[in-house]
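Thanks for making time this morning; I would like to walk you through one model, and I ask you to keep the sequence and the structure open beside you while I talk.

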Amino acid sequence: MKKEYLIRNIRAVFGRAYPRVIAANREYSWVIADIVLPLLSVVAYGTLYKFLGASKDFLGFAVLGGAMSAFWLNVLWDMASQLYWERMSGNLQLYISSPISLISILFGMSIGGMFTTSLRAAATLIVGTLIFKLDFSLINLTQLILVFFLTLSSLYGLGMTLASLYLIWGREAWHLSEFFQEPVYLVSGMYFPIKFLGRVGFFSSLIPLTIGLDGLRQVLFKQGATFGFLSVNIEILILISLTIVYMILAVFYLKKMEYLARKEGKLTIRWE
Amino acid sequence: MKDVIAIKTENLGRTYKKEKGVIEALKNINIEVNKGEIFGLLGPNGAGKTTLIKILTTLLLPTSGKAYVLGHDVEKETLSIREKINMVSGGEWAGYGILTVKENLWMFSQFYGIPSKKAKRDIDKYLEIFGLKEDANTKISKLSTGMRQKMNIIRGILSSPEVLFLDEPTLGLDVQIARTVRSFIKVWMKEKENRTILLTTHYLNEADELCNRIAIIDNGEIHALDTPQGLKKLLKNKILYSIELERESYLKLKELPYTTKFTVNPMKDGKIEIKFQIQDEGKIVEIFNYLKDNGFTLTSFRKREPTLEDVFIEIVGKELKEDEERVSY
């Protein structure tokens with residue numbers, strides 16, 4: 001790969017990340033949509049756990065799930081659906097006709113999305129911790145860092161894959177995102193340990209959030225390991241595998257999408 | 001391929017599969033566009049102009065034939081082409097509404113690897129030229145159509161492309177802004193030798209004013225290709241007249257004897273201009289008498305030189321739709 005091409009793609013990554021990192025925080029409606037609304041679910045689950053007399057760690061599980069749900073929403077609505085919106089606005093054809101790889105555009109979106117969503121997730125976590133006076137017990141810092149970043153990399157890899165698939169499937173993006181949103185809350189154990197779902201957990205492990213959330217609970221709460229689905233080290237290995245698989249799939253489907261766009265002439269034409 | 005040629009197509013064809021069958025959008029297109037030239041593709045909506053531009057900008061694969069941009073094959077050498085071209089479409093809504101004009105332009109400049117400082121300097125320069133300096137920090141969701149199109153033109157030239165594709169760049173713009181865009185295009189071409197523009201338009205006067213050569217395209221086929229003067233010469237033996245009538249008078253007009261290629265243009269002042277050809281110069285007196293005897297009030301009656309519109313009608317057999325043409329240019 002030529003140095004010039006590499007530099008151009010790095011610039012493209014930062015260029016595309018810019019609207020998400022800088023501009024997305026200009027309109028404060030995100031405070032309601034990304035912090036207040038997820039907190040309502042967290043408070044509902046927390047209150048239920050409290051009423052049932054569950055241990056305090058369960059409140060922590062719910063708060064952590066609420067915080068991590070921001071990433072799932074970001075992946076669904078701002079990654080998977082994004083190329084669909086880009087096509088509608090006419091941006092997609094400008095991206096395709098630019099002298100860069102489309103992967104750089106998706107990387108830029110991912111980096112921007114991770115950064116901005118991390119701020120929202122942190123805000124949910126802090127507010128939830130203050131409301132329920134949570135006790136965190138950091139079991140292993142290295143595992144915590146690994147699980148968190150691998151969860152994000154595999155989750156956004158899935159988002160990049162879905163971005164092309166949404167276009168190839170040719171369905172309305174918001175219908176697909178709505179279809180995926182709620183079931184994933186259930187099967188990935190967003191507000192409860194996935195262990196309680198038994199074998200379903202193995203299937204839902206294909207969604208990185210399932211394994212990631214379980215791993216984070218195990219390294220952040222005393223009772224996390226008791227309700228853990230698999231050992232954290234195995235979960236780290238699964239997350240590494242998912243990252244690799246989803247990245248490969250993302251590149252494959254992106255190339256396929258671009259080929260179809262050029263062959264059929266549909267994907268870059270608005271309203272078709 | 002000779003290095004004076006910017007664009008070349010050889011029997012280029014493109015079909016689309018639709019529910020009703022296969023549509024031939026382009027049929028055996030053969031053109032050569034020289035470097036340093038503004039080459040116009042003139043035709044109505046659905047003629048195949050945008051399909052041709054999409055193939056040349058590597059957004060669409062041809063289904064038959066070959067196409068080359070700056071010597072590179074559009075099917076196989078996409079990166080080499082994309083590094084040297086850019087495109088701007090009329091009515092384009094690209095960019096992000098939450099970003100300002102300056103930020104949007106900077107973002108797109110990054111996709112061409114332009115160093116940030118240089119990009120910002122050039123953006124400032126072009127914003128000044130296009131009279132957008134005061135709106136540099138306005139979110140693009142707040143821009144009017146005309147301002148947005150000026151921004152799109154800047155986006156297209158920021159990467160200093162060797163070949164610029166302009167697909168209906170003044171579509172829907174008011175007269176003043178369209179004039180600004182055309183003036184800029186002329187200046188930009190003079191700035192650097194060997195810059196090439198492929199322009200599609202269905203505004204006849206725009207093609208006449210800007211283009212060194214024009215290809216008239218309809219139903220996916222090139223019907224004529226020459227300089228604007230060369231095209232007009234095709235009608236050198238034709239006798240062309242134009243008359244103007246009051247609107248009320250025109251509504252009563254059922255026919256105009258001895259005329260062919262009859263076209264009607266509403267004027268800004270409410271009058272109606274009728275253009276036509278006659279085969280025999282001597283018949284003009286009879287036409288004049290016919291109008292007079294039938295009580296039509298003529299406000300103007302003149303012999304005229306052929307325009308590209310006449311050429312288009314002569315070659316394609318129909319006029320460009322009136323609703324697609326700006327009444328006042």
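Let me start with a question: which strands of chain B does helix 1 (residues 49-56) of chain B lie across? Before I answer, please bear in mind that this is a predicted model, in which local features need pLDDT of at least 70 and side-chain atom pairs count only at pLDDT 80 or more, while totals for chains, interfaces and linings use all residues. Residues are numbered from 1 along each chain as its sequence is written, and chains are lettered from A and ligands numbered from 1 in the order in which they are written.

The answer is that helix 1 of chain B lies across strand 4 (38-42), strand 7, strand 8 (163-167), strand 9 (196-201) and strand 10 of chain B, and that it runs at about 150 degrees to strand 9 of chain B. Helices (H or I, at least four residues) and strands (E, at least two) are DSSP runs, numbered from the N terminus, and angles run from 0 to 180 degrees between N-to-C directions, with axes being lines fitted to C-alpha atoms, for helices over the stretch in contact. Contact here requires that the C-beta atoms of two residues, placed from the backbone, lie within 7 Å.

In chain B there is an open sheet of six strands in the order 7-8-9-4-10-11, with mixed pairing, where two strands pair if DSSP finds at least two bridges between them. Its edge strands are strand 7 (85-89) and strand 11 (221-226) of chain B, each of which pairs on one side only, and the twist from one strand to the next averages 15 degrees. Strand 10 (residues 213-218) of chain B runs antiparallel to strand 11 of chain B and is joined to it by five bridges; in strand 11 of chain B, B:A224 is the bridge partner of B:I216.

Chain B also holds an open sheet of four strands, with the order 13-14-12-15 and antiparallel pairing. Strand 13 (259-266) and strand 15 (298-303) of chain B are at the edges with a single partner strand each, so one side of each is left without a neighbour in the sheet. Five bridges link strand 12 (residues 239-245) of chain B to strand 15 of chain B, and in strand 15 of chain B the bridge partner of B:I243 is B:F301.

Leaving aside residues up to four places away in sequence, B:L56 touches B:I7, B:A67, B:V69, B:V74, B:F165 and B:L198.

Finally, the two chains meet in a contact that takes 22 residues from chain B and 26 residues from chain A. Helix 2 (78-82) and helix 3 (101-110) of chain B are the elements that give two or more residues to the side of chain B that touches chain A. On the chain A side of the story, helix 1 of chain A has buried residues that include A:R8, A:V13 and A:Y18, and their cover includes helix 6 (102-132) of chain A together with helix 3 of chain B.

Notes. Buried ≥ 20, exposed ≤ 12 C-beta atoms within 10 Å, placed from the backbone.
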